[in-house]
Structure formats: C-alpha cells, structure tokens
Amino acid sequence: MKKIGILTSGGDCSGMNATIRSAVRTALRMNLEMVGFRKGYLGLMKGDGITLDSKSVSGILHRGGTFLQSARSQEFLTPEGQKKAIDNLRNLGVEGLVILGGDGSLTGALALHRLGLPVIGIPASIDNDIPFTDMALGVDTALNNIIYAVDCIKDTASSHARAFVIEVMGRNSGYLASVSAIATGAEFALVPEREFDLSEICQQLRARYEEGRDNAIIILAEGAGNAQQIADSIKDAIGFETRVTVLGHYQRGGAPTVFDRLLASRLGKKAVELLISGQQGLMVGLSCNAIIATPLEDVIKGEKRPQDEMLRLAEVLGI
C-alpha cells in the first residue's frame with residue numbers, strides 16, 4: 001500500500017482535525033502518501049482530493065470542526081454513487097480509506113468495504129450513540145460546552161426564581177442530557193430511552209417550590225419531547241416562570257478538550273496502522289482505555305443503550 005485517503009462525513013465535531021493530523025503524520029512516517037477528500041462522500045464522488053503533508057496539518061490540532069469540511073450526500077447511498085466513488089479512488093491510486101463519522105458515515109464505510117476497498121472507520125458523534133466504543137470523538141468537548149452553558153444559566157435561574165428547560169442534542173440518544181444533568185446538578189434529565197410523566201415532574205417541582213427552592217433546571221434531549229411545550233406545561237401547572245434555551249450547534253464547536261485530543265491522536269494512528277497491516281472493514285474504538293478494532297458489520301448491527309450504572313447514579317442523585 002502506497003497511498004491512502006481520509007475524509008470526514010456527517011455532523012462535525014471537535015477532535016476531527018486532531019485525528020486527521022495524527023493519521024497523516026503516521027502515514028508519512030511509514031512513507032505513505034495521504035489524500036484528504038473535501039466534504040466527505042460528496043468529495044469522494046467528485047474526486048475532490050488534496051495531498052496532505054506535514055505542513056497542511058500543522059496548526060490544526062486545537063481547532064474544532066474539520067478543515068476538510070463535511071457534507072451529507074443522498075447520491076452516495078445509491079449503487080451508482082458508490083461505484084463513482086470507487087472509480088475515482090482507483091483513478092487516483094488510493095488503496096485504502098480512513099472514514100470519520102457517525103452511524104450513517106460508518107454505514108457508508110461498510111458499503112465501500114463490501115465493494116472491495118480496504119476501509120477503517122473512526123467513530124465521531126457527540127451523541128455517543130455508536131456501539132463498541134466507550135467514547136466517540138467530540139463527546140467530551142460537547143459535554144464541557146453544555147456544562148459551561150448550564151452553569152451560566154443556573155445563575156440567572158436562581159436570580160429570577162425561574163425554571164429553565166435546556167435542550168441539548170440527542171435525537172435518539174440521551175447520553176448528553178443524562179451525563180450533563182449529573183455533572184451540573186440539574187433537577188431532571190428527559191431522554192428518549194425512557195418515558196416520563198410530565199404531571200409527575202410538575203408535582204415534584206411544586207413540592208420543591210413549597211420547600212423554598214424556587215428555581216430548577218430540566219435538561220432535555222431533543223428527541224425526548226418539545227422544549228417549548230414542556231416549558232408551557234410547567235408554567236400552566238405550577239405557575240413557575242419558565243424559559244427555554246436551545247443550545248443547538250453551539251455544542252459541536254470549540255477547541256477540543258485534552259481527552260478528545262488524545263483520543264483523536266490514538267484513533268488516527270491506529271487506523272493507519274491497521275490499513276498498513278492489511279486489516280480492513282473495521283472500526284477503531286476505545287474500550288477500558290485500550291484502542292480496539294471491531295468489524296463494521298457488528299458496529300452497524302449493534303445498538304448502544306445508556307449505561308445502567310449512569311442511570312442508577314442519576315436516580316440516586318435525585319435526577
């Protein structure tokens with residue numbers, strides 16, 4: 001193998017640039033050429049690749065997002081789009097590919113693997129909903145962003161005796177909501193994995209109010225319900241002045257934390273080493289602080305549920 005490629009696909013997250021840097025430096029040390037494809041699978045189908053050298057990845061370790069940019073492509077989901085991508089790779093002499101992204105991106109990686117292209121996937125999703133890895137890229141940075149925002153909002157909540165419904169990302173996963181609720185001392189975490197009774201929540205808030213606690217923080221995963229409707233219901237039920245804050249894409253950006261920088265560096269290095277050793281069709285992940293490799297087929301078929309220990313901790317702490 002003399003030339004390999006790398007791309008970032010789907011939603012961006014902090015740590016992608018650090019991963020690219022690590023993969024490129026590892027490849028160069030092994031006398032390999034590295035090609036970066038712009039805008040994910042879209043760039044792959046257009047053959048929009050640039051040569052990556054030590055200079056091109058200099059100064060990107062601390063930057064959030066991805067300098068290769070990212071995009072979603074419906075065309076790549078078709079056999080014709082995948083064939084176009086394979087043909088472009090062959091024309092460019094690219095013999096293997098490292099793909100960073102979430103479940104959709106890793107599904108695309110599996111499709112290329114089945115077409116005979118050596119592929120290694122790297123989990124990058126702030127929802128932390130990818131199985132066979134304890135943490136995905138960007139999760140720790142996103143959590144730190146959320147915690148900073150919630151801490152600021154708690155100040156105004158206590159100053160004005162208000163309840164705040166704070167919506168975080170997580171269409172199908174409540175990881176960010178549950179962990180940030182524990183870390184910030186929120187009163188409630190509403191997640192898509194568990195049903196909740198809004199009337200019961202209102203009763204508990206009323207009891208808190210009667211005890212003299214006149215403010216509250218409810219952290220809502222976006223897939224668990226409508227933030228404004230929940231806020232209106234709380235206001236109507238107990239008269240609490242209630243506000244909504246949607247953190248949105250603020251969670252994705254910013255300089256990666258130390259944890260994400262180290263994880264990115266380890267995953268990028270391991271992905272290239274696996275390709276060089278002839279291994280393919282795998283995703284690299286973190287398990288008990290060790291970097292492991294899991295078949296992409298198992299990753300795509302698998303499902304990551306909230307950790308029982310984390311949910312029990314939330315219950316013990318009254319969340």
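**Salt bridges and a covered helix**

E241 is partly exposed, at 31% relative accessible area (partly exposed lies between buried, under 20%, and exposed, over 50%; 1.4 Å probe, protein chains only). The model is predicted: local features need pLDDT of at least 70 and side-chain atom pairs 80 or more, while totals for chains, interfaces and linings use all residues. Numbering runs from 1 along each chain as its sequence is written, and side-chain values use heavy atoms, without hydrogens or water.

The partner of E241 in a salt bridge is R162 (a Lys or Arg side-chain nitrogen within 4 Å of an Asp or Glu carboxyl oxygen). The closest N and O atoms of E241 and R162 are 3.2 Å apart. E241 sits in strand β9 (residues 241-246) and R162 in strand β6 (residues 162-168), so this contact ties together parts 79 residues apart in sequence (strands are DSSP runs of E, at least two residues; helices are runs of H or I, at least four; both are numbered from the N terminus). R162 is buried, with a relative accessible area of 17%. E241, at 31%, is partly exposed.

A second pair is formed by E187 and R208. Their side chains meet in a salt bridge, with 3.5 Å from N to O. E187 belongs to the loop between α6 (175-184) and β7 (188-190). R208 belongs to helix α7 (residues 198-210). The pair links distant parts of the chain, 21 residues apart. Both E187 and R208 are buried. Elsewhere, shared partners in salt bridges join R162, E241 and R243 into one network.

D48 and R38 also pair through their side chains. This salt bridge spans 2.8 Å from N to O. D48 lies in the loop between α2 (40-46) and β3 (49-52), and R38 in the loop between β2 (33-37) and α2, so the contact ties together parts 10 residues apart in sequence. Both partners are partly exposed: D48 has 28% relative accessibility, and R38 has a relative accessible area of 33%. The salt-bridge count comes to 10.

The buried residues of α6 are Y175, L176, A177, S178, V179, S180, A181, I182 and T184.
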